[in-house]
Amino acid sequence: MEGKRLNTQPLTLLRKIKGFTRSIVEDLARGRAPLIYINRFRNYCNDTSGNCSCSSGLSTGKEAISLRRECHARRLDVLLRVLLIVQQLLQENRHGSKRDIYYMHPTVFKEQSVVDRAINDICILLQCSRHNLNVVSVGNGLVMGWLRYVESGRKIDCINNPNTAYPIPVHVEEVDDIISVAQYVLVVEKESVFQRLANDQFCKRNRCIVITGRGYPDVPTRRFLRLLIDKLHLPVYCLVDCDPYGFDILTTYKFGSLQMAYDATFLRVSEIQWLGVFVQDCDNYSIPQQCLLPLTADDKRKVEAMLPRCYLQREVPKWRSELELLLHKGVKFEIEALSVHSLTFLSHEYLPSKIHNGGSFDSMEPFAELGCILKVDVHCDACKMKMVDVLSSICGVYSVTIDSEDGTAKISGEVDPNLLLRALSRSGLGNHAEVQWVRLKHPMLSNSHMADGYGSYNHGYGSYNHGYGSYNHGHGYHNSYGRGRGHGYSSIGSPFRQRSSLPEYSYGYDGHHNYQYPFRGIGADSYATNYYSGALPPPRPYNYYM
C-alpha cells in the first residue's frame, strides 16, 4: 500500500535544507572537515537463504562523505549545487525535471547520472520522495478504460470512450475523486501492445483499466498505478515480453528499482500478478519456430544476474523457475508473436482466457478477492496475532492482512462484515472496529450484464421480461420499486465509510435513485449516483450476494 511520508511539506523541507547547509558552514568555520552520513538502501541482494532484510524498507547501512577525499569533495559539490536548485524550486513553487537541472551546470555535472545520484542522496538526507522536491519526470505512461478522476481540478473521463489513450498524470498527488466500474487493471509492457488492445476495443469488451509505461515505467506511472490499486482494490495483472528485459520490467513494478530502493515502499505494487507471456506459451499456443529468437550473450548475462535476487527465492519462487526455464530453452519471443494466429488473437483469445481461467502464475494458488476493509485498533504484535487468528477462523475468510500503522484489517474472501465485527467484539478486540470498505457482489457487475451496458433492453432492470419489478418476474409489486419485499440497504454511502456495522434489517426502497451503489472510488457520492442514475436496481438483502 502506498504510504505518505511525514513532514514533507515545502516549508518543512526548506527548514531541513537550511539546517543541513548551516551545519556544513559551521564545520568549515571551526576548521573541521564536514562529515556527512547518507543511509544506504537496497530492495534486493544476492542472499538466497531468505535471511536478508531487503524487503523491510529499512536502511542497510551508512555511507560517510568527507572533504578529505577528492571524489567525495566533487560529490558534495554536485550535491550542494543541486540542493540550491531544489531550494529555489520549493521557494518559488515551481517544478523542474532532472534534465532541466543537468543543463543548469552541464560543465560541472558532466553527465545525467551524476545529477540523478545527487537527487537520490538529497531525498535520503531529507527523508522525502523525489516529487516532494518538485523534481518531476517527463510523463511517458498511458491509461485507458473504465476510469474517471480529477487532476488539478480538471475532470478526466476515460469512461466516455474507454478505448482512447490518456497520458498518465505527472503530478499524481493532485489526482482526486477516482471512480471506476472496472473489474481489474492490466499493465502491458509496450505501447504497441497497448495500441493493439485499443484498436481491438479491448476495454469496451472487458470492464478493465489498461496501463502502459512504454518500457521501463517512470515514477509517475508507478505512483499512479499504486494509487489506483490503493483506492480501487482491484486485481492487477502484468503482460510483458518473454525475454530478460520484460522480466526485469515486471519486477520493477512489483519490487521497485535498485536506484530508488529508498522509495520502493511507496512505489512498488506488490499485488501485481504475472499474466504472461511465458516460455511454455510458445508450445501451448503453437508459435512457429520463425517467431522465436535465440538469447544473445547479453540476454544470458542479464538472466544470470537476476537469478540470485533474494526476492525471487523468498517471494516468487515460481517466477524464478520460469526465468531458469528461459535460460535453459535459450529462446525468447515478443507478445506480438501471438498475432501469427490472427491480429485479434491477443485481445479476443489469449488475454480473456488467461484472466478468466486463472492463467497467471500467481493464480495457480487459491485466490480470493479483497472482500472488505475494517478500521481496527491494534496496540501490539500480540493483539495483531490474536486478531488474525480470530478473523481467519470465520467461514468464508481466505486471508487476513493487518496494517498496524494504518489501523486497517484487509479480509479476502466472501463473508458478512457483521460476522467479523461480532467476532472481534466477542474476543475483546473490536470495541472500536468499524467497516471502512466492502465489496458488494452486485449482479450488475457480472460479465454478462457488463458486456451489454447498463439499462439495455434485454438485461435492463425494469424491462418487461427480465426487469426487477416487472409484471411477470419482478421482485416486488407491479412496476414499482417502492415498498419492495425483503431486507435490503436503506442507504449505501461512500461506500460504508465510518459505519460501525452494516445494516442488517431495513425496509423499503422508496426513491432508489438516491442510493450509492458499489462504484469503486473515493469521490463524492454524487459522482457515483449521477453517472448511471437510475440504471441500477433496488438494493438486495446482503446475504443474497454471498
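# A guided tour of the predicted model

Visitor: How many helices and strands does the protein chain have, and what share of its residues is buried?
Guide: The secondary structure of the protein chain comes to 19 helices and 20 strands. The chain has 546 residues, and the share that counts as buried is 52%.

Visitor: What part of the accessible surface belongs to carbon and sulfur atoms?
Guide: The accessible surface of the protein chain comes to about 25,500 Å². Carbon and sulfur atoms hold a share of 49%.

Visitor: Which residues are in contact with Leu239, leaving aside neighbours within four places in sequence?
Guide: Leu239 is one of the core residues that touch the most other members. Among its contacts are Leu186, Val187, Val188, Val193, Ile335 and Leu346. The list also includes Glu189, Gly276, Val277, Tyr350 and Leu351.

Visitor: How many residues make up the other core that lies apart?
Guide: Phe20, Ile85, Val108 and Val219 are among the members of this other core. Its number of residues is 35.

Visitor: Why is strand 6 described as largely enclosed?
Guide: In a regular strand the side chains alternate between the two faces of the sheet. Leu147, Tyr149 and Glu151 point one way from strand 6, while Arg148 and Val150 point the other way. Strand 6 is largely enclosed by the rest of the structure because, of its 5 residues, the number buried is 5.

Visitor: Which strands pair with strand 6?
Guide: Strand 9 (residues 175-180) pairs with strand 6 in the antiparallel sense over 4 bridges, and there Arg148 has Ile179 as its bridge partner. Strand 7 (residues 154-157) also runs antiparallel to strand 6, joined by 4 bridges, with Arg154 opposite Glu151. The names you want are strand 9 and strand 7.

Visitor: Which residue in the turn between strand 6 and strand 7 has a positive phi?
Guide: The two strands form a hairpin with 2 residues between them. The phi in question is about 55 degrees, and the residue is Ser152.

Visitor: Is Tyr103 buried or exposed?
Guide: The unreviewed UniProt entry places the feature "active site" at Tyr103. Tyr103 sits in the loop between helix 3 (98-102) and helix 4 (106-109). Its relative accessibility is 52%, so Tyr103 counts as exposed.

Visitor: What is the relative accessible area of Asn134?
Guide: Asn134 has a positive phi of about 65 degrees although it is not a glycine. Its place is the loop between helix 5 (112-126) and strand 4 (135-136). Asn134 is buried, with a relative accessible area of 9%.

Visitor: How many residues apart in sequence are the parts that Phe247 and Trp319 tie together?
Guide: The model has 11 aromatic pairs. Phe247 and Trp319 form an edge-to-face pair, 6.4 Å centre to centre with 75 degrees between the planes. Phe247 lies in helix 9 (residues 244-255) and Trp319 in helix 14 (residues 317-329), so the separation in residues is 72.

Visitor: What is the centre to centre distance for Tyr285 and Phe345?
Guide: Tyr285 and Phe345 form an edge-to-face pair with 80 degrees between the planes, and their centre to centre distance is 5.9 Å. The pair links a loop between helix 11 and strand 14 (293-294) to helix 15 (residues 345-356), 60 residues apart. The distance you asked for is 5.9 Å.

Methods. Residues are numbered from 1 along each chain as its sequence is written. This is a predicted model: local features need pLDDT of at least 70, side-chain atom pairs count only at pLDDT 80 or more; totals for chains, interfaces and linings use all residues. Side-chain values use heavy atoms; hydrogens and water are left out. Buried means under 20% relative accessible area, exposed over 50%, partly exposed in between (1.4 Å probe, protein chains only). Two strands pair if DSSP finds at least two bridges between them. Accessible areas come from the Shrake-Rupley method with a 1.4 Å probe; for residues, only the protein chains shown count as cover. A nonpolar core is a set of buried Ala, Val, Leu, Ile, Met, Phe, Trp, Tyr and Cys residues joined through side-chain atoms within 4.5 Å. Contact means heavy atoms within 4.5 Å. UniProt positions are given in the numbering used here, feature names are shortened, and annotations may be inferred rather than shown by experiment. Rings of Phe, Tyr and Trp (its six-membered ring) pair if their centres lie within 6.5 Å; planes under 30 degrees apart count as stacked, over 60 as edge-to-face and the rest as tilted.
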